[in-house]
Amino acid sequence: VQLQASGGGWVQPGGSLRLSCAASERGFGIKEMGWYRQAPGKQRELVASIAGSGYTVYSDYAKGRFTISRDDAKNSVYLQMNSLKPEDTAVYYCYAEIYQVLMRLLDYWGQGTEVTVSS
């Protein structure tokens, strides 16, 4: 399974970006998809996640500014980021928890897409 992330780039403070991530297959079902990020010199941290039921989890800094969504028909997850701040600058990684043979739940990661917020 490969995850392809896209949508990163440079944006001024207050701007918006929409990240996309598509999985090459869904195995026996995608349990959860989401986004982590890693800023220079910092540990990777959860941004947001979304379960198959639609249940979402957001980090405190993402609440009210970011919106996660998924399209199961396209095996895809999206992250709409509004009101971006310089501290949102990071490499954003998507992930997917996918059921494989014997209902083993495996984690897959995308290659990362860089987001830079600066004036």
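Contact here means heavy atoms within 4.5 Å. The model is predicted: local features need pLDDT of at least 70 and side-chain atom pairs count only at pLDDT 80 or more, while totals for chains, interfaces and linings use all residues. Residues are numbered from 1 along each chain as its sequence is written, and side-chain values use heavy atoms, with hydrogens and water left out.

Val91 lies in strand E9; strands are DSSP runs of E with at least two residues, numbered from the N terminus. Apart from neighbours within four places in sequence, Val91 contacts Tyr36, Arg37, Gln38, Gly112, Thr113 and Glu114. Between Val91 and Ala51, 40 residues apart in sequence, the C-alpha to C-alpha distance is 22 Å.

Val101 is placed in the loop between strand E9 (90–99) and strand E10 (105–109).

| Residue | Relative accessible area | Class |
|---|---|---|
| Val91 | 23% | partly exposed |
| Val101 | 53% | exposed |

E1 pairs with strand E3 (residues 17–23) in the antiparallel sense over 4 bridges, where pairing requires at least two DSSP bridges between two strands. Within E3, Ala22 stands opposite Gln4.

Terms used
Buried means under 20% relative accessible area, exposed over 50%, partly exposed in between (1.4 Å probe, protein chains only).
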